[in-house]
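The sequence and the model are shown first.

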Amino acid sequence: MTQDVRTPNALGLIHHFEPGATEARPLLLLHGTGGNEHDLLPLGRIVAPGAALLSPRGAVSENGMPRFFRRLAEGVFDEADLRRRTADLAAFVAAARARFGLAAPLALGFSNGANIAAALLMLHPEVLAGAVLIRPMVPLAEPPAANLAGKPVLMLSGAMDPIVPAENAGRLARQLTAAGAAVEHRILPVGHGLSQADVSLAADWVRGLARPGAA
Ligand code: MLT
């Protein structure tokens, strides 16, 4: 059974929810600019077969394109809006966990979705069990001192990405590592778009993680 919620309801964001097996860690799917709550469902089903999928739609519209937070220019973020939207996303995840009986999810975010997932790790570290960040960049110029002790994070960057400079992705990896996260940063010979290598690397990495409730 799947469920589409087209209007922001008690959970606060338009979303799609697909229930899953309790032994599989739920995924929080976070789409890229111009995407929606349906975009990453096929990816989520491949990366974590049988897992519950919680997929919100970004509440910001940039010329009709949904995003998770405002930007002033490409790669230049409105950090006040980012902080507010990240708090809204944290509240959405908490409400969805209570309503659907979910363990803390792993985020699987692409581009703008990866950037808010990185902000969620830094601003509300308790919300996520870990994250797969595809083509992320540094979301906050001065991140707070978060405690991400032991949280697994897979970062997948593109060596030919015209949007995310290598230095920026490397800085994010260092920030997350400094906060205690167990970061694996892979740089693929691709651009900003999602590639087949992203799908297989993410699936292998998620398969290797501990299940919810495991020691
Ligand atoms: C962002 O705005 O989050 C990044 O520039 C990625 C994008 O959405 O293009």
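The sections below treat the overall form and then a few selected residues.

## Overall form

The structure is a predicted model. Its secondary structure consists of 5 helices and 12 strands. The radius of gyration is 16 Å, close to the 17 Å that the globule rule gives for 215 residues, so the protein is as compact as a globular protein of that length.

Of the 215 residues, 56% are buried. When contacts between residues at least 6 apart in sequence are considered, 68% of them join residues at least 24 apart.

## Surface and charge

The protein exposes about 9,200 Å², and carbon and sulfur atoms supply 55% of that area. Its side chains include 19 positive and 18 negative ones, and the centres of these two sets lie 3 Å apart.

His-192 belongs to the loop between S12 and helix H5, the latter spanning 196–207. Is this residue buried or exposed? His-192 has a relative accessible area of 13%, which is under the 20% cut-off, and therefore counts as buried.

Two polar contacts involve the side chain of His-192. One, of 2.7 Å, joins it to the side chain of Ser-111; another, also given as 2.7 Å, is made with the side chain of Asp-161. Leaving out residues up to four places away in sequence, His-192 touches Phe-110, Ser-111, Arg-135, Asp-161, Pro-162, Ile-163 and Val-164.

## Ser-111 and Arg-135

Two of the residues that His-192 touches, Ser-111 and Arg-135, deserve a separate description. Ser-111 is located in the loop between strand S9 (106–110) and helix H3 (112–123). With a relative accessible area of 13%, Ser-111 is buried. Arg-135 has its place in the loop between strand S10 (130–134) and strand S11 (152–158). The relative accessibility of Arg-135 is 1%, so this residue counts as buried.

The backbone of each residue also calls for comment. Most residues other than glycine have a negative phi. In Ser-111, however, phi is positive, near 55°, and in Arg-135 phi is positive as well, near 60°.

## Glu-62 in strand S5

Glu-62 lies in strand S5, which covers residues 60–62. Which side chain does Glu-62 join through a polar contact of 2.8 Å? The partner is the side chain of Arg-71. Apart from neighbours within four places in sequence, Glu-62 is in contact with Thr-33, Arg-67 and Arg-71.

## Ala-182 in strand S12

Ala-182 is part of strand S12, made up of residues 182–188. Its relative accessibility of 45% falls between the cut-offs of 20% and 50%, so Ala-182 counts as partly exposed. Once neighbours within four places in sequence are set aside, the contacts of Ala-182 are with Gly-150, Lys-151, Pro-152 and Val-153.

Ala-182 and Ala-51 are separated by 131 residues in sequence, and their C-alpha atoms are 22 Å apart in space.

Note on methods. Residues numbered from 1 in each chain as written. Predicted model: local features only at pLDDT ≥ 70, side-chain atom pairs only at ≥ 80, totals over all residues. Heavy atoms only, no water. Helix = DSSP H or I, 4+ residues; strand = E, 2+ residues; numbered from the N terminus. Rg over C-alpha atoms; globule rule 2.2 N^0.38 Å. Buried < 20%, exposed > 50% of the residue type's maximum accessible area, 1.4 Å probe, protein only. Contact = heavy atoms within 4.5 Å. Areas by Shrake-Rupley, 256 points an atom, 1.4 Å probe, with all protein chains shown as cover. Lys, Arg positive; Asp, Glu negative; His and termini not counted. Charge placed at Lys NZ, Arg CZ, Asp CG, Glu CD. Polar contact = N/O pair within 3.5 Å; in protein donor to acceptor, adjacent residues only side chain to side chain.
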